[in-house]
There are 2 protein chains.
Amino acid sequence: MKVKGHARRTIWPESDGVSVGVIDQTRLPHDFATLRLGTLAEAAHAIRSMQVRGAPLIGATAAYGLWLGLRADPTDAGLQQARTTLLTTRPTAVNLRWALDRAFAHLQPLPPAARAAAAAAFAAALCDEDVAINRGIGEAGLPLLRALAAKKPAGRPLNILTHCNAGWLATVDWGTATAPIYLAHDAGLPVHVWVDETRPRNQGASLTAWELLNHGVPHTVIVDNAGGHLMQHGEVDVVLVGTDRTTAHGDVCNKIGTYLKALAAHDNGVPFYAAVPAPSIDWTICDGVREIPIEERAAAEITRLTGRADDGRMTTITLTPEGSAAANPGFDVTPARLVTGLITERGVTPATAGGLRRLFPEKAPAP
Amino acid sequence: MKVKGHARRTIWPESDGVSVGVIDQTRLPHDFATLRLGTLAEAAHAIRSMQVRGAPLIGATAAYGLWLGLRADPTDAGLQQARTTLLTTRPTAVNLRWALDRAFAHLQPLPPAARAAAAAAFAAALCDEDVAINRGIGEAGLPLLRALAAKKPAGRPLNILTHCNAGWLATVDWGTATAPIYLAHDAGLPVHVWVDETRPRNQGASLTAWELLNHGVPHTVIVDNAGGHLMQHGEVDVVLVGTDRTTAHGDVCNKIGTYLKALAAHDNGVPFYAAVPAPSIDWTICDGVREIPIEERAAAEITRLTGRADDGRMTTITLTPEGSAAANPGFDVTPARLVTGLITERGVTPATAGGLRRLFPEKAPAP
């Protein structure tokens, strides 16, 4: 999507032929800066320090990280070490393991001299695949947004509420939940996005707002507490979120707080959609609330917060009294009964086992 | 309640006989500091700058502010000016107007020479009345907490979730939602409080956590997004919140985000109670969602946040990109259908017109 008028991806091979460029997302939304990753260690650091984040982008960075590692040491030992180094950067990131496993299976049989070039090609293909998936989600979701917009009085924008950052910054381009929004905006449909701040890491306020701003999509930041009130008063036409993991029965595990928005949408007759790339579907589980273990993250994400002080410096402040504990579950599960539909790259389906099976017959076991 | 082991109120006449003491709540939770208010202007400033906040405490401070004003000028003009000065500090605070109207009606007929002493007595009585109301809510709510605790396995604390600060810092003592909690804790019932951070002003993280910590009540701060997940997993036994305004039919208007917690409680079979002092009931309205105008507060409350930097200085940081708008509705309405019961100083009632009428027959018109 666009930054300062120029189309960009979140990760790209640099023209020097020996490094890969990324956006330093830790400096957003205040500074737009890019980084040049020239070694395996630099790629691992970018993932570990969350300079890059979002499941698809982490996977893409890891694939390029393998390439950087193999340029230095293409032996079996080098390949194994690069894989292990990258895997331990974010131990719970399913997409990271998935990308590395695929790359490893592809590269390991090759002669060492051929591995680096093959890794570069693999990483580029992985990125293009992600872009195609997201573009597919966008094209599947666009008619939904058009239909909802058609019900609005003339001249009134379609109000979309989103939570966290399921935007292009989390992927290679387009984003998942944002793909239909960008396509709608680019097609001239008047849209306005309510951006949930998304505590504790504030990915909505810092990343989603930034990317919508740069692409020119009208939006308003709200606290996570506000969505229910807005829905009660007809200010939200549709809720559109991403997913970190989707069960075979259509339960959606996404950033903590998503479930509360789904409840409010249900209570107010507002449609609630999740943008679901096929790789996020876990066909082995059915009941998300019971079966998905929820990562408990660091208390410091709640008790401390970083932003730009008035002197321009990035500054961390403490919010809670010294001595008060904090708990930080990172995700929650929205049961399928609260989900109007899942927008996948193959089309839209009700959030049901049967619906998902019809779209992905090769993946789902027969009932 | 206790601060550093000593029982305190939030406002008190100083022993010098010419000033009133308050806690500077803008410095919480990092510093405990008190202020001495010696003039009408200082009292007005304390309210305007939110050194004191919370409807009952604002009312009490305004009553003492009248006293300070009348000490300097007890004439009709002085009384009128003091009233106007105080009323404009927080134009939308219903309790402020209520306290000033009551005081004015009491003081205006008196001869000027008698007004200051009468104002001091009025303010002291208003404070005692608030303490009695909150203590009454505590005593009405305690049996509820005892009954819920009795259902828990032995040795497991009763987990109470609260939102915002309906604690003693918002009142003169005890708080409203916290009164049953403090009484339960003091009676030896094992309680643990999930404290919603409460964006955007973070009254939970900064004030509720601080007062529970100082009184020794076990608690854990969470982001506002987390409560639904905790309820899905049986980690919340009861939700207990305050109210800014309650309709004659039992709708509860409280800090933005309360409605989302009520939805989650309802979805998970968790009882949801509001602590309702009689002065918060607006007998003239029935349908809270339609009839209560919601204050739209400053966007800067969302885009900027103040806390203690690591160098010890209170520092304000910016969270959103320059150019992104923010919207900030301050309150939402929880429909009575989601409320298990209202805890008033006269006892507990279902959130219905009939229930409220039975408790307050002198206030409610016959159906």
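Two strands are taken to pair if DSSP finds at least two bridges between them. The model to which this rule is applied here is a predicted one. In chain A, strand β18, which covers residues 341-344, pairs with β19(A) in the antiparallel sense, and three bridges join the two. Within this pairing, Leu342(A) has Thr349(A) of β19(A) as its bridge partner.

These two strands belong to an open sheet of eight strands with mixed pairing. Its order runs β19(A)-β18(A)-β12(A)-β9(A)-β6(A)-β7(A)-β8(A)-β16(B). The edges are held by β19 (347-349) of chain A and by β16 of chain B; each has a single partner strand, so one side of each is left without a neighbour in the sheet.

A further strand pairing links the chains. Strand β15 of chain A, residues 314-318, pairs with β14(B) in the antiparallel sense over two bridges. Here Thr318(A) stands opposite Arg308(B), a residue of β14(B).

How much area do chain B and chain A bury between them? The size of an interface is often given as the accessible area lost when the parts come together. For chain B and chain A this area is about 5,000 Å², with 59% of it on carbon and sulfur atoms. The contact draws 64 residues from chain B and 64 residues from chain A. Six salt bridges are counted between chain B and chain A. In a salt bridge between the chains, the side chains of Arg304(B) and Asp310(A) meet at 2.9 Å, N to O. Polar contacts across the interface of chain B and chain A amount to 28 residue pairs, both residues being at pLDDT 80 or more.

On the side of chain B that touches chain A, the elements giving two or more residues include the helices α7 (203-215), α8 (227-232) and α9 (258-268) of chain B. Strands of chain B are also among them, including β8 (219-222), β14 (304-309), β15 (314-318), β16 (325-326) and β17 (331-334). The most is given by α9(B), with seven residues. By class, this side of chain B has 31 nonpolar, 22 polar and 11 charged residues.

Within chain A there is also a contact between domains. The domain assignment gives domain 1 (2-129) and domain 2 (138-363) of chain A. Their contact takes 25 residues from domain 1 of chain A and 20 residues from domain 2 of chain A. The C-alpha centres of these two domains lie 26 Å apart. The area buried between domain 1 and domain 2 of chain A is about 2,000 Å², and carbon and sulfur atoms give 62% of it. In domain 1 of chain A, the residues that lose the most area to domain 2 are Lys2(A), His30(A) and Arg53(A), which together account for 28% of what that side buries.

Between domain 1 and domain 2 of chain A the count of salt bridges is zero, while seven residue pairs, both at pLDDT 80 or more, are in polar contact. On the side of domain 1 that touches domain 2 of chain A, β1 (2-3) and α2 (55-72) of chain A each supply at least two residues. Helix α2(A) gives the most to this side, with four residues. The residues of this side of domain 1 of chain A divide into 13 nonpolar, six polar and six charged.

Key:
Residues are numbered from 1 along each chain as its sequence is written. Chains are lettered from A and ligands numbered from 1 in the order in which they are written. This is a predicted model: local features need pLDDT of at least 70, side-chain atom pairs count only at pLDDT 80 or more; totals for chains, interfaces and linings use all residues. Side-chain values use heavy atoms; hydrogens and water are left out. Domain bounds come from an automatic or database domain assignment. Contact means heavy atoms within 4.5 Å. Buried area is the accessible area (1.4 Å probe) that two parts lose on being put together, summed over both. A salt bridge is a side-chain nitrogen of Lys or Arg within 4 Å of a carboxyl oxygen of Asp or Glu. A polar contact is a pair of N or O atoms within 3.5 Å; within protein, one must be able to donate a hydrogen and the other to accept it, and residues adjacent in sequence count only if both atoms are side-chain atoms. Ala, Val, Leu, Ile, Met, Phe, Trp, Tyr, Cys and Pro count as nonpolar, Asp, Glu, Lys and Arg as charged, and the others, Gly among them, as polar.
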